[in-house]
Amino acid sequence: MGKITGFLEFDRKDETYAPVKERIKNYKEFTKPLKEGELKNQGARCMDCGIPFCHSGCPLGNLIPDFNDAVYRGKWEKAAKILHSTNNFPEFTGRLCPAPCEEACVLGINEPAVSIENIEKNIVETAFKNGWIQPEPPTIRTEKKIAVVGSGPAGLAAAQQLNRAGHNVTVFERDEKPGGLLRYGIPDFKMEKNVIDRRLEVMEKEGIEFRTGVHVGVDVTAKELQNDFDSIVLCGGATVRRTLPVPGADAKGVVQAMDFLPQNNRKVDGIPFKGEDISAKGKKVIVIGGGDTGSDCIGTSIRQGATSVTNFEIMPKGTPDRPDGQPWPFWPMRLRTSTSHKEGAERVFSISTKRFNADKEGNLTSLVTVEVEWIKQPGQRPMLKEVEGTEKEWECDLVLLALGFTGSETTVADQLNLELDTRTNIKASEENYKTNVPGVFAAGDQRRGQSLIVWAISEGRQAAHYVDKYLMGESDLPLKGEGDLPRV
């Protein structure tokens, strides 16, 4: 794979970014791509490692050494075919995935890992630029009709795979445009929405029907879908937000991240939004939650003109290196600093919010925190303990709660009498993605709980195989780890 001595000759080189003062003036992507020769050198770093652990690190089972080798040899069209053989939407994962494949890279044991994610993004962008990604409608249509509920990455992947099998696929989306959190959760500065639109155009030309502004369970009942379609695939995501049950949480100015971010995305896209305008302009903002959603809130608040942005994280500050107990090739809980963090946010770790304070009109004025420590006992889960005498008041005008999700909405599940787990996710076996109701399948976050985009695509692809098999008795749609390399 690649150049035998490439990992000894070339250092890892990543994309650069536009200067902070320049990029925070708008919501456009701000990465500066490497030149083709530099990308070939990065592909050359992929070792002939014998056992490519990156395969197991990737939820899609991407054939990473193979497309790295193709890039090194300048065979970009071949690389694109290899990449698309396992990943329907590498333009999404190449921008947004946290790259568990890189944490599992053999070279990463003692050197910076191969820059797999960046190579992936450049492969698909080269393919679009050269017109290699064209609609491929099936040559034969079955008489089967399938409803896919939800147009996030799981729903889109399931829809495209089932359409390739020749079925008639209709995707239902309650929002104005397809994309789910890709469109209404991910800020444009991380992924501009024309990236979604160009892929949707391909899918529509392949014969997939998108019905937007249709809330399944409200505008059309799940029972009606059951009567009109041969099978239903539920990919509605895990959208029930985690709250912060402390005094004063109902103050005006305490806002859920998933109210703030979708509204801003609608503003950028020129789409009317419902409800009160939420703006960070001229405000002291505190973002509670140290994950990707918190990072997105930081970058958006800065672009809206916040006077200051502070980020609270209840967990201790991680280390740049792998912590003890999380050896290669496992995913390490290390300190991760995003581009948004570098745009001017103060980060505070091991801190917990005790209460919110408001004025007589109910407007947020401050919050009170306490420092915490995690007590570890052998054989037990770590326990959270407040540090006595560390209470502190923080002046703020806007607090954004980026605390993740607790499960999925249950309207459709209730209408179909589906079994749920303890977190209100739909019970569906990973062996076949079937629910307890014949013909109804579930995939993505609505099945497994809040997770990564790459996992959602994988779930959609896997579910599609079993839906096809349920309808036809057998399926040629690939499962993870199956199939030969495309012949180019």
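Reader: What does Arg198 count as, at 23% relative accessibility?
Author: Arg198 counts as partly exposed (buried is under 20% relative accessible area, exposed over 50%, partly exposed in between; 1.4 Å probe, protein chains only). This is a predicted model, where local features need pLDDT of at least 70 and side-chain atom pairs pLDDT 80 or more, while totals for chains, interfaces and linings use all residues. Residues are numbered from 1 along each chain as its sequence is written, and side-chain values use heavy atoms, without hydrogens or water.

Reader: Which side chain meets Arg198 in a salt bridge?
Author: That of Glu125, at 2.4 Å, N to O (a salt bridge is a Lys or Arg side-chain nitrogen within 4 Å of an Asp or Glu carboxyl oxygen). Arg198 is in helix α12 (residues 194-205) and Glu125 in helix α9 (residues 116-129), 73 residues apart (helices are DSSP runs of H or I, at least four residues; strands are E, at least two; numbered from the N terminus).

Reader: And Glu125, how accessible is it?
Author: Glu125 has a relative accessible area of 22%, so Glu125 is partly exposed.

Reader: What about Lys190, who's the partner?
Author: Asp296, at 3.0 Å, N to O. Lys190 sits in the loop between α11 (181-184) and α12, and Asp296 in helix α15 (residues 292-304), 106 residues apart. Asp296 is buried because its relative accessibility is 3%.

Reader: Which residues do shared partners join into one network?
Author: Glu29, Arg95, Glu125 and Arg198.

Reader: How many salt bridges by this rule?
Author: The count comes to 30. One of the salt bridges is Arg322 with Glu103, at 3.6 Å, N to O.
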